[in-house]
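This briefing is meant for someone meeting the structure for the first time.

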Amino acid sequence: MRLIVLGPPGTGKGTQSRMISEKFKVPHVSSGDILRENVAKKTDIGKKAEVFMRTGQLVPDNIVVKMMAEILGKGKYRNFILDGFPRTINQAHELEHLTKIDLVIYLSSSEKVILERLSGRRTCSVCKAVFHIKNMPPKKEGICDKCGGRLIIREDDRPETIRDRLKIYEILSDPLVFFYSQKGLLREVNGDQPAEKIFSDIAAMLKKEKLA
Ligand code: AMP
């Protein structure tokens, strides 16, 4: 199964990708996580990407495409769930040269729900597990249930940055949605539902498409 999970920030792309990955044993490839790793390790890519990420802007296509081409092009992944990539139509065209895609899951969501989700999101600074202060609180405040790491607010989940990310997303996502629907690959799922319901809708769809 070669999937893309598309949707605005805060629709639970990461959570759903991790759930699909665990259930169907398919690697989860998140461009955001890979970029954050590069920033933490202060690699060349990380140094170039940091300022864009901190201010909620997209990292330029040439940097992201090169990074993803190295990952997808190594033949390491015959199956994958792509989360956060492609983000622009240019990236989608480049991806066409790298690999074949079976299906694109589009998580649609309203702005109200997105703002609520992102502003309450807490991420483990060590294992990257995601919690929410209301919807999925950790057992002990500020501490990751899974590894005991410290929970943090991602730099780009701060309210002033969230609105910028949403604006950028809106401008860039329409052509992507159009591109994949023209190819007959796009399947929409209601991302305003609780995570378990979104996941059961996705699992049913993967079965219907004979991908699971
Ligand atoms: P995410 O974890 O997917 O929300 O990504 C966090 C940040 O990483 C985004 O706000 C962008 O700055 C950057 N980023 C992740 N994926 C991409 C991409 N495909 N193209 C450009 N920037 C990206």
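H132 counts as buried because its relative accessibility is 10%, where buried means under 20% relative accessible area, exposed means over 50%, and partly exposed lies in between, with a 1.4 Å probe and protein chains only. This is a predicted model, in which local features need pLDDT of at least 70 and side-chain atom pairs count only at pLDDT 80 or more, while totals for chains, interfaces and linings use all residues. Residues are numbered from 1 along each chain as its sequence is written, and side-chain values use heavy atoms, with hydrogens and water left out.

**Surroundings of H132**

- H132 belongs to strand β6, which covers residues 130-132; helices (H or I, at least four residues) and strands (E, at least two) are DSSP runs, numbered from the N terminus.
- Leaving aside residues up to four places away in sequence, H132 is in contact with E116, R117, G120, R121 and P137, contact meaning heavy atoms within 4.5 Å.
- With its side chain, H132 reaches the backbone oxygen of E116 at 3.1 Å.

**The ligand site**

- The ligand has 16 residues around it, of which S31, R36, Q57, G84 and Q91 come nearest; a residue is near a molecule if one of its heavy atoms lies within 4 Å of it.
- By class, this shell around the ligand holds six nonpolar, five polar and five charged residues, where Ala, Val, Leu, Ile, Met, Phe, Trp, Tyr, Cys and Pro count as nonpolar, Asp, Glu, Lys and Arg as charged, and the others, Gly among them, as polar.
- Helix α2, residues 31-40, gives the most to the shell, with four residues.
- A polar backbone atom of Q57 is 2.6 Å from an oxygen atom of the ligand, and a polar side-chain atom of Q91 lies 2.9 Å from a ligand nitrogen atom.
- In the side chain of R154, an N or O atom is 3.2 Å from an oxygen atom of the ligand.
- The protein buries 96% of the 480 Å² that the ligand exposes when taken alone, areas that come from the Shrake-Rupley method with a 1.4 Å probe.

**Cysteines**

- The structure holds zero disulfides, a disulfide being a pair of cysteine sulfur atoms within 2.5 Å.
- For C127, the closest cysteine sulfur is that of C144 at 3.8 Å, which is too far for a bond; C127 counts as partly exposed, at 36% relative accessibility.
- For C147, the closest cysteine sulfur is that of C124 at 3.6 Å, again too far for a bond, and C147 counts as partly exposed, at 40% relative accessibility.

How values were computed
A polar contact is a pair of N or O atoms within 3.5 Å; within protein, one must be able to donate a hydrogen and the other to accept it, and residues adjacent in sequence count only if both atoms are side-chain atoms.
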